[in-house]
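Thanks for coming, everyone. Let's take a quick walk through one structure. Please look at the screen.

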Amino acid sequence: MVVGHDAHLVGEGPDAAATQALLARYATLAAIAQAASFDTTYCADEADEAKWRELSVALRDSTAEVARQVRANDQQAAVKALGAVEKSCTDCHTAFGIE
């Protein structure tokens with residue numbers, strides 16, 4: 001995941017192509033997170049399934065927040081939201097042993 005590397009793209013001024021690419025990236029990631037919430041391949045039991053859904057929703061919501069802040073041209077808030085994306089990824093990969 002290259003979440004931290006995207007921070008420099010936020011608020012670069014009138015570069016509409018970079019902004020649209022960033023929005024597309026995080027919209028896609030939000031959609032993947034939503035779909036992944038139904039894939040319980042990594043889950044051993046109902047508790048795992050609940051944790052999986054919780055972490056998938058956290059990823060979905062944090063990526064949507066990045067997009068909202070990019071649209072608002074709020075670099076500080078977008079970078080903060082990127083931190084939440086990275087945390088949700090790390091938490092999930094740690095919880096489920098995904099490399």
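Start with Ser56. Setting aside neighbours within four places in sequence, Ser56 is in contact with Ala33, Ala36 and Ser37; contact means heavy atoms within 4.5 Å. Ser56 sits in helix α2. Helices are DSSP runs of H or I with at least four residues, numbered from the N terminus. Ser56 counts as buried because its relative accessibility is 7%. Buried means under 20% relative accessible area, exposed over 50%, with a 1.4 Å probe and protein chains only.

A word on the source. This is a predicted model: local features need pLDDT of at least 70, side-chain atom pairs count only at pLDDT 80 or more, and totals for chains, interfaces and linings use all residues. Numbering runs from 1 along each chain as its sequence is written, and side-chain values use heavy atoms, without hydrogens or water.

Now helix α1. Which residues of α1 are buried? They are Ala18, Leu22, Leu23, Tyr26, Leu29, Ala30 and Ala33. They lie on the same side of α1, because they cover an arc of only 135 degrees around the axis. That arc is taken from the directions from the helix axis to the C-beta atoms. In general, an α-helix has 3.6 residues a turn, so residues three or four places apart point the same way. What do the buried residues of α1 pack against? They pack against α2 and α3. The face turned away from the buried side of α1 carries the exposed residues Ala17, Gln20 and Ile32.

That's the tour. Thanks.

How values were computed:
Helix = DSSP H or I, 4+ residues; strand = E, 2+ residues; numbered from the N terminus.
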